[in-house]
Amino acid sequence: MNKQPIGIFDSGVGGTSIWKEIHALLPYEQAIYLADSKNAPYGPKGKEAIIGLSIKNTELLLRKGCKLIVVACNTATTNAIDVLRNTYKVPFIGIEPAIKPAALQTRTNAVGILATKGTLSSALFSKTSDLFAGNIQVIEQIGDGIVPLIENGNLHSEDMKILLKSYVQPMINANIDCLVLGCTHYAYLIPILETLLPKHVRIIDSGEAVAKQTKAVLKQGDLLSTETEKTISQFFTNGNLDIIKSLVGHVYDVERLDF
């Protein structure tokens, strides 16, 4: 089991931000990444559809021999991870918006969260928010349009800057000092957001915490790789090859796969 790969899936290329954190922390672990760009974004889809897509992705990764699966998608985590854990025997790592650290760090008692509709409307998000952010103001913003722009190669476009500015301005007006990114695609927005937000606003992303949790679960299950040389990850997409290559680098094996 130790030599088997880690599986990672997302509704597109955004979860590559999670893969980067995992690869940096665990360079001797091989990873197989699925970018379900054909069905991106998951956010507007209903719960049953999201569960179905998550099962499809999981079963493909299991057929490829993965020993652990990272659901590198906030929407899939909040809507489907309980079903996945109850259905399959491998460990699952999920992604949740970092509401808790934001609530602990805020000094203005105002926190912004930028996320998909599927995440913000989920029961898990509601429970987490009530548990950790009951006494602070949380300004929620659905990030309509962001994922399609990234998936179509328009990350650094003027349209993206205009869209983001319209989303963060109400948060700035509400005096937030923390902005939580509730979608793995959004990690790629950090350089743009830093130009739009006041200097004191801290941007909180879940990537590093997810990598640490992945390592902890592998260690607990005695599943850590025993390899001593850095591994080459594999990437599969049912979307545009060039988009994912631009994010992970052309040295990696990226293949088109219909799934």
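**Contacts, burial and aromatic pairs in a predicted model**

Threonine 116, its neighbours within four places in sequence left aside, is in contact (heavy atoms within 4.5 Å) with Gly43, Thr75, Ile142, Gly182, Cys183 and Tyr186. The structure is a predicted model, in which local features need pLDDT of at least 70 and side-chain atom pairs count only at pLDDT 80 or more, whereas totals for chains, interfaces and linings use all residues. Residues are numbered from 1 along each chain as its sequence is written, and side-chain values use heavy atoms, with hydrogens and water left out.

Threonine 116 is placed in the loop between strand E5 (110-115) and helix H5 (117-120), where helices (H or I, at least four residues) and strands (E, at least two) are DSSP runs numbered from the N terminus. With a relative accessibility of 9%, threonine 116 counts as buried; buried means under 20% relative accessible area, exposed over 50%, and partly exposed in between, for a 1.4 Å probe and protein chains only. Between threonine 116 and isoleucine 142, the C-alpha to C-alpha distance is 5.1 Å, although the two are 26 residues apart in sequence.

When residues up to four places away in sequence are not counted, serine 206 touches Ile95, Glu96, Pro97 and Ala98.

For the protein as a whole, eleven helices and ten strands are found. The radius of gyration, taken over C-alpha atoms, is 18 Å, close to the 18 Å that the globule rule gives for 259 residues, so the protein is as compact as a globular protein of that length; the rule is 2.2 Å times the number of residues to the power 0.38. The C-alpha trace spans about 50 × 35 × 35 Å along its principal axes. Of the 259 residues, 55% are buried, and of the contacts between residues at least 6 apart in sequence, 74% join residues at least 24 apart.

In helix H1 (residues 16-25), the buried residues include Thr16, Ser17, Ile18, Trp19, Ile22 and His23. The cover over the buried residues of H1 includes strands E1 (6-10), E2 (31-35), E3 (68-71) and E9 (234-237), together with helices H10 (207-220) and H11 (241-248).

Five aromatic pairs are found in a search of the whole structure; rings of Phe, Tyr and Trp (its six-membered ring) pair if their centres lie within 6.5 Å, and planes under 30 degrees apart count as stacked, over 60 as edge-to-face and the rest as tilted. The ring centres of tryptophan 19 and tyrosine 252 are 5.1 Å apart and their planes stand at 85 degrees, so this pair is edge-to-face. Because tryptophan 19 lies in helix H1 and tyrosine 252 in the loop between H11 and strand E10 (253-256), the pair ties together parts that are 233 residues apart in sequence. Tryptophan 19 is buried, with a relative accessible area of 4%, and tyrosine 252 is buried at 15%. Tyrosine 88 and phenylalanine 92 form a tilted pair, with 6.4 Å from centre to centre and 50 degrees between the planes; tyrosine 88 is buried, with a relative accessible area of 15%, as is phenylalanine 92, with 6%. One aromatic cluster is formed by Trp19, Tyr33, Phe235 and Tyr252.
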